[in-house]
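Subject: Structure handover

Hello,

Here is the structure we talked about. My notes on the ligand sites follow it.

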Amino acid sequence: MHEHDVIVVGAGGAGLRAAIAADEEGADVAMVTKLHPVRSHTGAAEGGINAALRDGDDWELHAYDTMKGSDYLGDAPAIETLAQDAPEEVIQLEHWGMPFSREDDGRVSQRPFGGLSFPRTTYAGAETGHHLLHTMYEQVVKRGIRVYDEFYVSRLAVTDHDDPENRVCHGCAAYDIKSGEIVGFRARNGVILATGGDGQVYDHTTNAVANTGDGPAMAYRAGVPVEDMEFVQFHPTTLPSTGVLISEGVRGEGGILYNSEGERFMFEHGYANNAGELASRDVVSRAELTEVNEGRGINDEYVYLDMRHLGEERIYDRLENIIHLAEDFEGVNPVVEPMPVKPGQHYHMGGIETSEHGETCITGLYAAGECACASVHGSNRLGGNALPELIVFGARAGHHAAGRDLGEAQVPTGPSAATEPEDGLDTPVEPGALDASDEDVAADGALVEPAEVVDYAVESERQRVEDMLERDGTNHAEIREDLQKAMTENVNVFREEESLKQALEVIKECRERYQNVAVSDPSRTFNTDLIHTIETRNLIDIAETIALGALARDEFRGAHWRRAHQERKDDEWLKHTMISWNDGKPKLYYKPVVLEGEEKEYEPKVRSY
Amino acid sequence: MSTQIQEPETETESEETSEHQQQRLADKRERADMRERAEADLSDADETVRIKVFRYDPEVEGKKDPRFDTFEVPFYKGMTVLDSLIYARDHFDSSLTFRHSCRQAICGSDALFVNGRQQLGCKTQMVDLEWPVRIEPLPHAEVVKDLVVDMEHFYDQMEAVEPYFQTNELPSGEEQRQTRENREKVKMSTRCIWCSACMSSCNIAAGDNEYLGPAAINKAYRFAMDEREGAEMKEHRLNIIEQEHGVWRCQTQFSCTEVCPKDIPLTEHIQELKREAVKSNLKFW
Ligand SMILES: Cc1cc2nc3c(=O)[nH]c(=O)nc-3n(C[C@H](O)[C@H](O)[C@H](O)COP(=O)(O)OP(=O)(O)OC[C@H]3O[C@@H](n4cnc5c(N)ncnc54)[C@H](O)[C@@H]3O)c2cc1C
Ligand code: SF4
Ligand code: FES
């Protein structure tokens, strides 16, 4: 068993910042990550990182924009924290050497982004995430922080108290991918989950293949509620064969969307008569899919994004990056032909419920980054707001786990923060486990001694892995494929009661088939078949929470659109959807949105731009 | 206006006008033409591509002796080498092992030896290759299993150059200033994704296990040329790369530069460091 003060699971932007923060506090910190840190998906972020750095801007404006962008489903204390801490954190990155783009006077550049009332998006070329990731990893190397890379964390070691709010997290069990050994990691102070996104729930996503929602799934099964899972952001311009993102810059420069009949559908079919191609992401995504559904898509799948008319010179000058992407990943030369594009899953606003200090309701368990929901994005994330989230909340979780007192949290967490249970949600099948004994919390009496709790987790994992390796059965890839397809068809940009129910049925079937999933590669060495099989279980749990949340919320807010409910219903729905795992079943309840900030209360308004 | 528009990545792209850049774009145009012709030759329907994949597992009977497995995968427009591997794994043999994650040339985990050249699987279009396509692990590295190689040595070399920013004069509450020219100077060097393709292609590195290698030297360049670190630190960095197994080993064969998927002018950077080192040594005469 390895033992450290703080264990950080995941080494993307959030994990690295958390580890550095814990190290700053003097804690003995280790990172456990299934990919080497520089392989983390934070590296793919292009656009930039928001922070109020200049005269004329201030954190209050940033907070206001974010609250409005969230469609009033963000929690004010978390949003204000984001906006207040971001400038210092961004300067800190600069001091660590991050190669930001520069102005003539040598200061870091900022540019305007959608939904922001001030050009406060700081960037490093078109590779902001790459530089952010590498700069922080360099600091981890400098500090000699221990990194266990290519270790897959598959279970949290949590005590078995009945009430999740009494449970304590003492560490985790991880699978050493290179050797096949299952090892315990004991955390004297705390475990921080920073496992990133879960785009693999869908078959078409801008996310990496490793983004399988492991953190939220593990935390959820250990008793931490997941929050606002129905809010999934789709990006309208991704390449059909890979999901690689084509930046909104193309439309910003004048790129045009066409259907198979050569019509400029955003205008000709009246989706956005004013903004056209520049309408917001959800509007454009819905328009594209409507075209395809009505038979005006190309190959029944996508539409064209055309920038040829911009002229070769302008394209090379301003959008060169796009030429490489289209060429390398789709085999299309956008200077002479239009690019095929379709909507793709891009970001998950929901996740592990945390306070603005990164704490969950389980003592010693923290979460930060895309896997967490401190609730800064509400129902809709503004571009450039995920990266500051990583560093702001990564740092806070790291400091807190290492023992710094951050004061009392204003965002309540845990089942006791519930206002009302959801009752009467009509589901076609019983969601949750098929066998209630299939649980991830230690469950054999009063298991509370730290080392024992970790040993128990390791032993359970060993058993689970052996079972999967030994039996004959279904390959996970088939299950994963069906799950992804069902989510894309039924819980996508468009949501209808019937299709959501359909999705829940498929999810249930996937669970059934997963009961006898088998790993056919018998090897202990670098068994990716096994890893993908474990991930698939996580995808099933995550998919279920998304579909359940979406079925319950019968209104239209941010990224969540219901055909039969096309308005935002503030009277009824100004609240967070919470789902927790109790005795093998998801339980749905609600928690009010905190609209009260440090000094002012945010008043929900119509969102128009 | 949209709530979520990501701004054009215009600024930096327009800053890029080096010859290197022009060349890269000209190559792309040429390749696109070739590809169009190659695709015209392929009838879309029923086309399959054969891949021959290196297999090895130290643990499993029958796989202990390295061999090649052949898979016949359906071809489609836009298909990459990585796509073909994923297809083969998910449909024919789930034990087929390779690293990959981002599938957009930024995580650096799927550098492979494809038809005798180091390339990123995700960034290599099938139509650009001669078929059948032969896929092997990176040469000059220990094979862990199938296409997975041990990266420890590469990581060690990267760490050997003190790959982190070191500066003493920090203004409080605001950023250090850096000129646009200086950022431009280091820009290409900061693009490295640690894929190790360069190291694998380098004859010197193959013969001298202690040679820092192109990626690590490029990392040293990234910091040595950054004006924010100051003159003293630059001396220190030049000392590191001047060591016995440092820059002077490089014989300017350009193989690293040729394979780098991020188009980093590695050989140029190594040469420049050599010149800088000479200059700084002369100072003390
Ligand atoms: C294409 C793209 C462009 C984007 N552009 C922007 C932008 O311009 N601005 C912006 O603000 N946001 C942007 N975003 C969003 C933002 O980049 C992500 O939300 C953010 O990078 C997520 O960081 P993270 O640290 O939470 O996770 P990641 O960087 O994904 O890291 C997750 C880490 O967890 C580890 N891990 C996962 N599961 C396990 C496990 N079971 N065991 C051990 N380790 C595990 C992984 O190895 C990895 O190290 C973009 C996202 C995408 C996909
Ligand atoms: S320098 Fe280029 S080839 Fe070498 S590791 Fe970096 S990205 Fe890969
Ligand atoms: S999969 Fe990330 S570089 Fe190819």
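Ligand 1 is surrounded by 39 residues, each with a heavy atom within 4 Å of the ligand. A:Ser40, A:Thr42, A:Gly47, A:Glu370 and A:Leu387 are the closest. The surrounding residues come from chains A and B, so the two chains share the site.

This is a predicted model: local features need pLDDT of at least 70, side-chain atom pairs count only at pLDDT 80 or more, and totals for chains, interfaces and linings use all residues. Residues are numbered from 1 along each chain as its sequence is written, chains are lettered from A and ligands numbered from 1 in the order written, and side-chain values use heavy atoms, without hydrogens and water.

A polar backbone atom of A:Ala14 is 3.0 Å from an oxygen atom of ligand 1. For A:His41, a backbone N or O atom lies 3.5 Å from a ligand 1 oxygen. For A:Ala386, that distance is 3.0 Å. Alone, ligand 1 exposes 1,000 Å², and the protein buries 99% of that (Shrake-Rupley method, 1.4 Å probe).

In chain A, α1 (13-24), β2 (29-33), β7 (151-158), β14 (339-348) and α11 (386-401) each give two or more residues to the shell (DSSP runs; helices are H or I with at least four residues, strands E with at least two). That shell holds 15 nonpolar, 19 polar and five charged residues, with Gly counted as polar.

Ligand 2 has 13 residues around it. B:Cys192, B:Cys195, B:Ser196, B:Cys198 and B:Cys260 are the closest. Its shell has 12 nonpolar residues, one polar and no charged.

Best wishes

Key. Polar contact = N/O pair within 3.5 Å; in protein donor to acceptor, adjacent residues only side chain to side chain.
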